[in-house]
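User: I've got a fold on my screen and I'd like to talk it through with you. Can we go piece by piece?

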Amino acid sequence: MARMIERDPSCEDDFDTASLSCDEALERILGVLTTVEGRERLHLRAALGRVLAETVTSPVDVPQHTNSAMDGYAVAVADLPKQGTATLTVIGSAFAGRPFDGALTRGTCVRIMTGAAMPDGSDTIVMQEHAVRTGDHITIDSDHKLGQHVRAAGEDLRRGQRVLERGHVIGAAELGLIASLGIGEVMVYRRVRVAYFSTGDELRSIGEPLGRGEIYDSNRYTLFAMLQRAGAEIIDMGVVRDRREAVEQALREAANIADVVISSGGVSVGEADYIKEVFGAIGAVGFWKVAMRPGRPLAFGTLGRAHFFGLPGNPVSVMVTFVLFVLPALHKLAGGGQQLALEITARTTAELKKRPGRVEYQRGILSHGADGKLEVTPTGDQGSGILHSMSVADCFIVLPLASGRVAPGSEVVVQPFRGVL
Ligand code: AMP
Ligand code: MG
């Protein structure tokens, strides 16, 4: 049974007892999703952004050989003076990738560069700055410790050690890490297949002239971008007109070819809005209203074997609901663990208009105030049709359900999205 929003009724507020809270909606979505089943073995570079479907263990010690962490001289502890100074004979050099071919004997040392394997018989590095060189000899003082500036074999990773777990997303560090183990291929989950379309008689494609009341379809572009970033395999199904049969056909077709179906528009209760009605007839509706702004009408459920998200039509609502619900869903389907939404606090420089009853995701711009503290400035008109606000903004200002207007200077919660969207 859904937890409904508790409230004191008022004709002034935005409360709607049929709406789910954002948290509940996300919980319900994640509750029905399981990771896709297919896997594939990919070359390392091709695996960037994908989710590991196997545990990566180290086949080697990293580093493989005990080596120097500094440019200097490799010495034996027995030759370090307890007091005063000692003079040692330099018997050769060791470079990274070109080891010294011999062993230290009493009273000798080897010139060594960072990353070079420690010569046999040596155990300590004296930095070059701490040695006085004259010809083939160096003089060192007593201020040195056994094992200093030495990187032990296996100190980063030991052979057989679990390095990355299944479900780990492969980013830059992971690519490097896997390469450092000498592994060239990894098993990853297949991409999540997402089919998406726009709905609306008013939508025109780029290149077509606009008639009265018509607009260009932008949602398919923002969705393309967000899906691409999310690493999905995307199937663009174009624009579907506001007719019951057309909507039904598009939904059925999409559900047959994709893991996830996303529509935008037509999800409210207007006379040309068929998504909810058709979805109700041919799918299993999980919920269709969330107590948030923008984006209250938001349908979720299953459609055949696919998961369906009926996003609102307004361009900002599409982006906000995508970030809040579709992105975590895709991440889970793709095999990844739950990702933490980064939340920080900042002081608002301006008043934030709001009425209690819904969580609001307003658009803001982060900056540093005169005192060095983080500040956020709303982007102005917060209408859900103003896509421009999303390109000006670099964060959402998240105002809780019960909150009313917020006075300038108040601390608010902010979710940065630069680099994410
Ligand atoms: P709807 O929910 O279908 O009534 O759409 C809500 C608002 O979003 C309307 O003003 C639509 O014109 C607009 N809208 C719907 N789909 C798109 C789209 N693909 N691109 C841009 N705006 C859209
Ligand atoms: Mg519409």
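User: Which strands does helix 6 lie across, and at what angle does it run to strand 21?

Analyst: Keep in mind that this is a predicted model. Helix 6 covers residues 315-333 and lies across strand 13, strand 17, strand 20 and strand 21. Its direction relative to strand 21 is about 170°.

User: What is the strand order of the open sheet of six strands?

Analyst: The pairing in this sheet is mixed. Strand 16 and strand 18 (284-289) each pair on one side only, so they are the edge strands. Neighbouring strands are turned by 15° against each other on average, ignoring direction. Reading across, the order is 16-13-17-21-20-18.

User: Which strands does helix 1 touch where it packs on that sheet, and what angle does it make with strand 18?

Analyst: Helix 1 is made of residues 22-32. It packs on the sheet by touching strand 18, strand 20 and strand 21. The angle between its direction and that of strand 18 is about 160°.

User: How far apart are the end C-alpha atoms of helix 4, and what span should its 14 residues give?

Analyst: Helix 4 takes in residues 244-257. At 1.5 Å a residue, its 14 residues should span 20 Å. That agrees with the model, where the end C-alpha atoms are 21 Å apart.

User: Which residues of helix 4 are buried, and what arc do they cover?

Analyst: The buried ones are Val247, Ala250, Leu251, Ala254 and Ala255. They sit on the same side of helix 4, because the arc they cover around the axis is only 125°.

User: And which residues are exposed on the other side of helix 4? What do its buried residues pack against?

Analyst: On the other side, the exposed residues are Glu245, Gln249 and Asn256. The buried residues pack against several elements, among them helix 5 (275-282). The strands they meet are strand 13 (193-199), strand 16 (233-240), strand 17 (260-264), strand 20 (297-303) and strand 21 (306-311).

User: Is Arg220 buried or exposed?

Analyst: Arg220 belongs to helix 3, residues 219-229. Its relative accessibility is 14%, and the cut-off for buried is under 20%. So Arg220 counts as buried.

User: Which side chains does Arg220 join through polar contacts?

Analyst: Leaving out neighbours within four places in sequence, Arg220 is in contact with Tyr196, Ser198, Asp236, Gly238 and Val239. A polar contact of 2.8 Å joins the side chains of Arg220 and Asp236. Another polar contact, of 2.9 Å, joins the Arg220 side chain to that of Asp217.

User: Where does His149 lie, and what is its phi?

Analyst: His149 is in the loop between strand 9 (137-140) and strand 10 (150-151). With 28% relative accessibility, His149 counts as partly exposed. Its phi is positive although the residue isn't glycine, with a value near 60°.

Conventions. Residues numbered from 1 in each chain as written. Chains lettered and ligands numbered in written order. Predicted model: local features only at pLDDT ≥ 70, side-chain atom pairs only at ≥ 80, totals over all residues. Heavy atoms only, no water. Helix = DSSP H or I, 4+ residues; strand = E, 2+ residues; numbered from the N terminus. Expected span 1.5 Å × (residues − 1). Buried < 20%, exposed > 50% of the residue type's maximum accessible area, 1.4 Å probe, protein only. Arc of directions from axis to C-beta. Contact = heavy atoms within 4.5 Å. Pairing = 2+ DSSP bridges. Axes fitted to C-alpha atoms, helices over the stretch in contact; angles between N-to-C directions. Polar contact = N/O pair within 3.5 Å; in protein donor to acceptor, adjacent residues only side chain to side chain.
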